[in-house]
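Visitor: Please show me the structure, and then let us examine it by question and answer.

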Amino acid sequence: MALHGDALTAALTRLRDNDPTFAYLNLTVGIGDAGASLLAKSLRSNTALVKLYLTSTLIGAEGATHISEGLRGNTTLEELFLNENIIGDEGAQQFAQLLGRNTALRKLYLWFGYIGDEGAIGLAYALRGNTTLKELGLGNNAIGDDGAAHLGEMLRANKTLEDLHLGENRIGDKGAAQLADGLRGNTTLKRLD
């Protein structure tokens with residue numbers, strides 16, 4: 001269900017009330033950090049929502065913090081798309097903390113999120129021990145060789161990730177070589193772009 005304007009309040013109520021028929025939510029309005037805070041409160045106890053699309057919703061690091069905190073105890077949300085937001089390294093660090101605790105999330109997409117090396121390093125560290133995430137989208141960010149090196153190290157340890165999207169970042173030859181080195185011994189990754 002795609003929402004904008006007045007329907008937002010009704011959707012948040014359905015989430016909070018745990019409507020079992022409400023498994024998919026696609027917000028198309030700029031809810032910003034304040035809206036992310038309201039949404040997070042509804043996510044904490046929700047056991048029906050499986051897919052959440054928050055693309056181009058003006059969510060920054062503060063909103064990312066709210067969303068990740070709202071999902072820490074959530075056991076049903078499997079797919080989270082936060083593309084084209086202003087997540088930054090600080091927001092990516094919040095999702096890294098989430099990946100250390102949440103056992104439901106299978107897909108996390110943070111394309112065009114203003115994420116650099118520090119955010120990638122935090123995510124890489126969290127994914128070393130994560131056993132549930134299968135897809136991570138970090139394309140069109142500002143990740144360089146240092147972030148790529150840590151992601152390469154993560155690939156050696158992680159036995160769950162199948163898709164890693166890193167296209168259109170600032171990864172040079174050195175970072176690409178470190179990613180390739182990380183692939184040695186990794187038997188689960190099917191796609192790296």
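Guide: Strand S2 (residues 24-27) pairs with strand S3 (residues 51-53) in the parallel sense, over three bridges. Strands are DSSP runs of E with at least two residues, helices are runs of H or I with at least four, and both are numbered from the N terminus; two strands pair if DSSP finds at least two bridges between them. This is a predicted model, in which local features need pLDDT of at least 70 and side-chain atom pairs count only at pLDDT 80 or more, while totals for chains, interfaces and linings use all residues. Residues are numbered from 1 along each chain as its sequence is written, and side-chain values use heavy atoms, with hydrogens and water left out.

Visitor: Which residue in S3 does Tyr-24 stand opposite?

Guide: Tyr-24 has its counterpart in strand S3. The residue opposite Tyr-24 is Lys-51.

Visitor: Is Leu-127 buried or exposed?

Guide: Leu-127 is found in helix H5 (residues 117-127). Buried means under 20% relative accessible area, exposed over 50%, and partly exposed in between, with a 1.4 Å probe and protein chains only. The relative accessible area of Leu-127 is 0%, so this residue is buried.

Visitor: Which residues does Leu-127 contact, leaving aside its neighbours within four places in sequence?

Guide: Contact means heavy atoms within 4.5 Å. With those neighbours left aside, Leu-127 is in contact with Leu-99, Leu-133, Leu-136, Met-154 and Asn-158.

Visitor: How far apart in space are Leu-127 and Gly-116?

Guide: In sequence, Leu-127 and Gly-116 are 11 residues apart. In space, C-alpha to C-alpha, the distance between Leu-127 and Gly-116 is 17 Å.
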